[in-house]
Amino acid sequence: EVQLVESGGGVVQPGGSLRLSCAASGFSFSSYDMNWVRQAPGKGPEWVSGIYNTGSRTYYADSVKGRFTISRDNAKNTLYLLMNSLKPEDTALYYCARSPGGTGWAKDYWGQGTQVTVSS
């Protein structure tokens, strides 16, 4: 059974940092591209970042470029998102999602999400 379990969310002041983790199981993690997607209250999902299965390439939404860093440890089957210089508009439920290769970053499995709240 494919499982994606996010952790690391919390409440942080503007300008602060958090590191999210996504523990993957039930599939060959190193064979899949991975993503972070977020959803703010009352809004639709927003893709945040993606990373190739090898970790060789990364991509970011303009809204987070220069502040967030995606990475992965294929030996630990874990995806990460380091978030620096957090802003109130980064408040959202953050999900990790799997993308099978050759699908144009289509997402077939999602975790349950971890809440990030940026507030003073």
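User: In this predicted model, where does S21 lie, and why is S21 called buried?

Analyst: S21 lies in strand β3, which covers residues 18-25. Its relative accessible area is 16%, and because buried means under 20%, S21 counts as buried. Leaving aside neighbours within four places in sequence, S21 is in contact with residues including V5, W36 and Y80.

User: What makes β1 and β3 a pair of strands?

Analyst: Two strands pair if there are at least two bridges between them, and five bridges join strand β1 (residues 3-7) to β3, the two running antiparallel. Within this pairing, L4 stands opposite A24 of β3. Strand β8 (residues 78-83) also pairs with β3 in the antiparallel sense, over six bridges, and there T78 is the bridge partner of A23.

User: Why is the link between R38 and E46 called a salt bridge?

Analyst: The closest N and O atoms of R38 and E46 are 2.7 Å apart, and because the cut-off is within 4 Å, the pair forms a salt bridge. R38 counts as buried at 6% relative accessibility, whereas E46, at 30%, counts as partly exposed, since that class lies between 20% and 50%.

User: What does the salt bridge between D90 and R38 tie together?

Analyst: The closest N and O atoms of D90 and R38 are 2.9 Å apart. D90 lies in the loop between β8 and β9 and R38 in strand β4 (residues 33-39), so the pair ties together parts that are 52 residues apart in sequence. R38, E46, R67 and D90 are linked in a network of salt bridges.

Key
Residues are numbered from 1 along each chain as its sequence is written. This is a predicted model: local features need pLDDT of at least 70, side-chain atom pairs count only at pLDDT 80 or more; totals for chains, interfaces and linings use all residues. Side-chain values use heavy atoms; hydrogens and water are left out. Helices (H or I, at least four residues) and strands (E, at least two) are DSSP runs, numbered from the N terminus. Buried means under 20% relative accessible area, exposed over 50%, partly exposed in between (1.4 Å probe, protein chains only). Contact means heavy atoms within 4.5 Å. A salt bridge is a side-chain nitrogen of Lys or Arg within 4 Å of a carboxyl oxygen of Asp or Glu.
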